[in-house]
Amino acid sequence: MMKRILITGCSSGYGLETARHFHAGGWTVIATMRNPAAAPLEPSARLRLLPLDVTDDDSIAAAIAAAGPIDVLVNNAGIGLFGALEHAPLRRIRDVYATNSLGTIAMTQAVIPQMRERRSGTIVNVTSSATLASFPYAAAYTGSKTAIQGFTGSLAHELEPLGIGVKLVEPGYGPTTAFSANTDVALADVLPEPYGNHAAPILAGMAQPALFTTEADVATAVWDAVHDQTGRSHFPAGADALAIAAAA
């Protein structure tokens with residue numbers, strides 16, 4: 001029987017590549033995003049595009065109903081926030097937690113009933129290597145992803161007796177993704193002095209990272225997490241995330 005996977009945040013980056021990877025692997029893919037019309041994906045018999053805002057309860061309910069039975073949920077939708085916490089707009093921090101933390105929790109809660117009834121299914125939560133080793137100017141973002149690390153660990157124990165697996169994929173820094181592009185906060189506004197001088201070499205390192213994560217790295221890690229039969233729970237994705245995990 002053909003497997004079905006629902007992936008959030010498929011308009012670009014990790015979600016887009018993961019959708020393509022699973023489709024190429026023979027799966028039926030339900031690719032979700034806020035605006036499917038703008039997605040660089042062509043719908044087909046095994047590829048459906050659905051609108052989904054993970055911060056909206058009605059949107060979640062409609063997407064789950066339209067998707068039908070799914071074997072795997074990948075909680076990938078997320079937004080970034082970089083800069084000094086002192087200068088980060090609180091409204092933006094709330095947005096980050098609403099999407100990265102509460103959105104993941106809401107989506108997970110929405111799919112548990114059908115997986116529990118079938119006594120099978122896998123939930124993959126995409127977090128960040130920032131949860132493995134902290135770095136400056138990402139406090140709110142790191143907090144939003146660390147919340148999901150703890151959430152996933154506890155939930156995995158809760159759902160294992162029901163036949164449902166819960167996994168973590170931890171990408172490193174992806175310079176080719178829209179991590180900072182999907183924000184309306186200008187970098188200069190969140191890194192004024194005295195933070196600017198300290199941040200300058202960090203920004204320079206981010207511009208030319210020795211190790212980094214690609215979209216394909218994350219798609220492969222999600223694939224490995226979904227197909228894992230060993231009980232492994234953490235899947236670092238990308239050369240930098242693997243190095244951080246090895247040193248942790």
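**A salt bridge and its partner pair**

Lys167 is buried, with a relative accessible area of 9% (buried means under 20%, exposed over 50% and partly exposed in between, with a 1.4 Å probe and protein chains only). The model is predicted: local features need pLDDT of at least 70 and side-chain atom pairs pLDDT 80 or more, while totals for chains, interfaces and linings use all residues. Residues are numbered from 1 along each chain as its sequence is written, and side-chain values use heavy atoms, without hydrogens and water.

Lys167 forms a salt bridge with Asp228, and their closest N and O atoms are 3.2 Å apart (a side-chain nitrogen of Lys or Arg within 4 Å of a carboxyl oxygen of Asp or Glu). Lys167 belongs to strand 6, residues 164–171, whereas Asp228 sits in the loop between helix 7 (215–227) and strand 7 (234–237), so the pair ties together parts that are 61 residues apart in sequence (helices, H or I of at least four residues, and strands, E of at least two, are DSSP runs numbered from the N terminus). Asp228 also counts as buried, at 17% relative accessibility.

Across the whole structure, two salt bridges are found. In the pair of Asp53 and Arg34, the closest N and O atoms of the salt bridge are 3.6 Å apart. Distant parts of the chain are linked here as well: Asp53 is in the loop between strand 3 (47–51) and helix 2 (57–67), and Arg34 is in the loop between strand 2 (28–33) and strand 3, 19 residues apart. Arg34 is exposed, with a relative accessible area of 57%, whereas Lys167 is buried at 9%.
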